2 protein chains.
Amino acid sequence: MLVLKGKNQERRTSSKELDELAGHAVKCSEFKYARGTEIFGEKGPVEYLYQIKTGAVRGYKLLTDGRRQIMAFHLPGDIFGVENSAVHRYSAEAIVETTVRLTKRHVLDENGDSASAVTNVRKLVTDNLRHAETHMLLLGRKTSVEKVAAFLVEMDIRSTAAGVLKLPMTRRDIGDYLGLTLESVSRAMSQLSRCGALSFSGRSQRQIILQDREKLAKFDYCTNDRL
Amino acid sequence: MLVLKGKNQERRTSSKELDELAGHAVKCSEFKYARGTEIFGEKGPVEYLYQIKTGAVRGYKLLTDGRRQIMAFHLPGDIFGVENSAVHRYSAEAIVETTVRLTKRHVLDENGDSASAVTNVRKLVTDNLRHAETHMLLLGRKTSVEKVAAFLVEMDIRSTAAGVLKLPMTRRDIGDYLGLTLESVSRAMSQLSRCGALSFSGRSQRQIILQDREKLAKFDYCTNDRL
DNA sequence: CGCCCCTTTGAAGCATATCAAACCGCGTGG
DNA sequence: CCACGCGGTTTGATATGCTTCAAAGGGGCG
C-alpha cells in the first residue's frame, strides 16, 4: 500500500542543497522564524534565497479586501524566494517555528553563468511553473472533495515520513490554498474520513492516517497527471 | 482615456523575435494551423518552439471527464511551447487560423549557454510563472464579474490596437480560462455592458469597446497588481 | 439561402459560502 | 493544579452565487 511512496524519487530537486544551487559552495546563514512571522512581503526587495531546514512556510497573495490565495506550501528541503526581478511576487510567512538557511540573492547573478547554476535555477523555476499550472486546473475545475483529496495526495507524496501525515497548516490555510472556506475543507475531510479513506490519529485533527490511498486517489480520479 | 495603454511598455518580452531567443539568428520555418487544430498535445514530445505571427492559440489541460482549464491565451508576438523537459505540460490549439514561426527545440540546448539565451529563456519562464500566480489568485478568490473584468483588462493591455477589442475566443474559451461556465461569462459581460463599462461594436459580441476603463477596473478593484 | 455554432436570457437546482453554536486541546495565569 | 480564555475544528441551518437546463435569436460561412 506504500507503493505510491515510490513517486518520491523525482521531485527532490529542492533537496539539492542551497549551496549547490550556485554551482559551488557559498556560505549560508541560518535563521529562525517564529510561528506566524513574515519572511518577506509581496513587492518587498529580493535580498535572499531560502531553504527550509525545519518547519513550514506559506507563500500567498492578498486582494485588498483581505481575500487570500496561498500559492504554495514550502516544506523542509524546499528552496523558495528565487526571483528574476528585484521584488517578490508574493509574501511568505512561517506557519510554525521554522528554521531556514539563507544566502544573498546576488550569488545567482554573479555565478549565474556557470552551467550547473543555470540548469539548477531553470529547473527550480520550471518546477514551480508546472506546479502552478497543475494548481490552476485544480482551482478552476475541481470540486471541493476532489480538491481536498488532491491536496492530501500531494502532501503525502511530499512528506518524508510514512505512516501519519502531519499537517502543519490550519484548515483556513488549506482552504486558502484550494480556493475554499475552512468549513468546506472540514466537511470534505469528514466525508473522506466517513468513507474510510483516512482517519485521524489521536484526537488531533492535524495528524492524518491515509487508510486507503487508492480510495483517496479515486476521489480525484479525473486528474491525468500524478506528480 | 487611453492612458492605461501606456502599460504596454514592459510586457513586450515576447515581442523579442524568436530567432533572438537563442542569442543569434537561427532559421525559422513558418506554418499555418487551421481553426481548431492541435499544435501539440499534453505529454507529447517537445519538438519545436513557436512564436505567433497572426492568430491566437489556447493552451489548456483536461481532466479525464472533459473538464478543461485554459492556462493561457497566446497572441501575436507571444512565444510558447518552451519546456525544460522532453514532454509538453499542456495542449495547444489554434483558436482561429494561426500562422506561427517555429524552430527546432534543441537550439536552446545547443546554444543554451550563451548569456543572452539564458537571460531570455529565464525571463520567458518567469513571466509565465508570474502570470500563472496572478491567475491562481483570480481562479481561487475572485467572483465572476471580477474575473471577467480582469480578463478584459488583461486583453486590453495585451492588444496592440486601440479602440475596439477584438476577441478571437468564444465565451466557452473565456469561461474555461476563468473557471466559469460560458453562461456566467455572458451574464457578467451583459452586466458590464448594462452599467456602461463596455459596449459591443456592431452586432458582433466578439468586438468590444471599453467605454470606461476606469469603471471596468473598479469591478476588479481588489486586485493589487496591474501588470 | 440555410444550417450550425455562438450568444443571450430565463428558470430551477445545487455546491459551496455564510452564519452560528458547541466542543476540544492547549497555554496561561491565578 | 485548576480555571479560564482562545484559537482551531466540527457540524448544522440557511443563504447565495454559479451552474445546469432550456429555448430563442443572430450571424457567419459554406
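How many residues does the contact take from chain B and from chain A? It takes 33 residues from chain B and 33 residues from chain A, where two residues are in contact if their C-beta atoms, placed from the backbone, lie within 7 Å. This is a predicted model, in which local features need pLDDT of at least 70, side-chain atom pairs count only at pLDDT 80 or more, and totals for chains, interfaces and linings use all residues. Residues are numbered from 1 along each chain as its sequence is written, while chains are lettered from A and ligands numbered from 1 in the order in which they are written.

A word on the element names used below: helices (H or I, at least four residues) and strands (E, at least two) are DSSP runs, numbered from the N terminus.

**How the two protein chains meet**

- On the side of chain B that touches chain A, the elements giving two or more residues are β4, β5 and α3 (115-141) of chain B.
- The biggest giver there is α3(B), with 17 residues.
- By class, this side of chain B holds 13 nonpolar, 10 polar and 10 charged residues. Here Ala, Val, Leu, Ile, Met, Phe, Trp, Tyr, Cys and Pro count as nonpolar, Asp, Glu, Lys and Arg as charged, and the others, Gly among them, as polar.
- Helix α3 (residues 115-141) of chain A lies across β4 and β5 of chain B, at about 125 degrees to β5(B). Axes are lines fitted to C-alpha atoms, for helices over the stretch in contact, and angles run from 0 to 180 degrees between N-to-C directions.

**Symmetry**

- Chain B superposes on chain A by a rotation of 180 degrees with 0.0 Å of shift along its axis, at an RMSD of 0.0 Å.

**The surfaces around the DNA**

- DNA strand D has 19 residues around it, of which Thr170(A), Ser186(A), Ser190(A), Ser184(B) and Arg203(B) come nearest. A residue is near a strand if its C-beta atom, placed from the backbone, lies within 6 Å of it.
- The largest share, 6 residues, is that of α6(A).
- The surface near DNA strand D is made of 3 nonpolar, 9 polar and 7 charged residues.
- DNA strand C is surrounded by 18 residues, with Ser184(A), Thr170(B), Arg171(B), Ser186(B) and Ser190(B) the closest.
- The surface near DNA strand C has 3 nonpolar, 8 polar and 7 charged residues.

**Helix packing in chain A**

- The axes of helix α4 (residues 144-158) of chain A and α6(A) come within 9 Å and cross at roughly 75 degrees.
- The two helices, α4(A) and α6(A), are therefore roughly perpendicular, a label for angles of 65 to 115 degrees; under 35 counts as roughly parallel, over 145 as roughly antiparallel and the rest as oblique.
- Residues of this contact include Val145(A) and Val148(A) of α4(A), and Ala188(A) and Leu192(A) of α6(A).
- The residues of this contact are 7 nonpolar, 3 polar and no charged.

**Sheets and strand pairs**

- In chain B, an open sheet of 4 strands has the order β2-β7-β4-β5, with antiparallel pairing. Two strands pair if DSSP finds at least two bridges between them.
- At the edges stand β2 (38-40) and β5 (68-74) of chain B, each with a single partner strand, so one side of each has no neighbour in the sheet.
- The twist from one strand to the next averages 30 degrees.
- Strands β4 (residues 57-62) and β7 (residues 91-94) of chain B run antiparallel and are joined by 4 bridges; Tyr60(B) stands opposite Ser91(B) in β7(B).
- In chain A, 3 strands form an open antiparallel sheet in the order β9-β11-β10.
- Within β11(A), Ile209(A) is the bridge partner of Val164(A).

Methods:
Least-squares fit on C-alpha atoms with pLDDT ≥ 70 in both.
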